[in-house]
Amino acid sequence: QVQLVESGGGLVEAGGSLRLSCAASGSIFSINAMGWYRQAPGKQRELVAAITSGGSTNYADSVKGRFTIARDNAKNTVYLQMNSLKPEDTAVYYCNALRVQARQGIGDYWGQGTQVTVSS
């Protein structure tokens with residue numbers, strides 16, 4: 001069974017940095033795209049950043065220039081380096097894996113979420 005396990009969230013002051021990690025485990029052959037979404041209280045879940053297996057990236061306008069997404073295909077792991085954090089970045093961050101080809105078939109998966117809190 002495919003599982004996504006996130007780590008690296010926490011509490012940081014405005015202007016600080018955090019690095020999130022998400023490792024996919026299971027009998028995985030390939031993963032098309034991996035990404036990070038976030039959901040703040042009372043708001044819809046939104047895309048933060050995504051990266052394909054070939055390394056193409058996509059960022060939300062609100063994080064461009066501050067966040068960097070990276071991926072280790074050999075480890076089925078995706079990272080999100082978050083710099084110059086702002087209070088409005090406070091949210092639960094979710095890892096996502098699209099079109100995961102695994103022994104049990106093809107599917108999309110979500111992590112359990114990790115809390116990021118930025119104090120002003």
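Visitor: Why is Arg 99 called partly exposed?

Guide: Arg 99 has a relative accessible area of 45%. Buried means under 20% relative accessible area, exposed over 50%, and partly exposed in between, with a 1.4 Å probe and protein chains only. The value of Arg 99 lies in between, so Arg 99 is partly exposed. Before we go on: this is a predicted model, in which local features need pLDDT of at least 70 and side-chain atom pairs count only at pLDDT 80 or more, while totals for chains, interfaces and linings use all residues. Residues are numbered from 1 along each chain as its sequence is written, and side-chain values use heavy atoms, with hydrogens and water left out.

Visitor: Where is Arg 99 placed?

Guide: Arg 99 is in strand E9. Strands (E, at least two residues) and helices (H or I, at least four) are DSSP runs, numbered from the N terminus. By that rule the protein has zero helices and 11 strands.

Visitor: What makes the phi of Arg 99 worth a remark?

Guide: Most residues other than glycine have a negative phi. Phi of Arg 99 is positive, near 50 degrees. Asn 76, also not a glycine, has a positive phi of about 50 degrees.

Visitor: Is Asn 76 buried or exposed?

Guide: Asn 76 has 17% relative accessibility, so it counts as buried. Its place is the loop between strand E7 (67-72) and strand E8 (77-82).

Visitor: Why is Gly 15 called exposed?

Guide: The relative accessible area of Gly 15 is 55%, so Gly 15 is exposed. Gly 15 sits in the loop between strand E2 (10-13) and E3. Even so, Gly 15 touches Ser 84 and Leu 85, leaving aside residues up to four places away in sequence. From Gly 15 to Ile 31, 16 residues along the chain, the C-alpha atoms are separated by 33 Å.

Visitor: How do you know that Cys 22 and Cys 95 form a disulfide?

Guide: A disulfide is a pair of cysteine sulfur atoms within 2.5 Å. The sulfur atoms of Cys 22 and Cys 95 are 2.1 Å apart, so the pair qualifies. The pair links distant parts of the chain: Cys 22 lies in strand E3 (residues 18-25) and Cys 95 in strand E9 (residues 91-102), 73 residues apart. Both Cys 22 and Cys 95 are buried. A search of the whole structure finds one disulfide.

Visitor: Why is the disulfide of Cys 22 and Cys 95 called left-handed?

Guide: The torsion about the S-S bond is about -80 degrees, so the disulfide is left-handed.

Visitor: What makes the radius of gyration of the protein agree with a compact globule?

Guide: The radius is taken over C-alpha atoms, and the globule rule is 2.2 Å times the number of residues to the power 0.38. With 120 residues, a compact globule would come near 14 Å; the protein has 14 Å, so the two agree. Along its principal axes, the C-alpha trace spans about 45 × 25 × 20 Å.

Visitor: How many of the 120 residues count as buried?

Guide: The share is 42%.

Key. Contact = heavy atoms within 4.5 Å.
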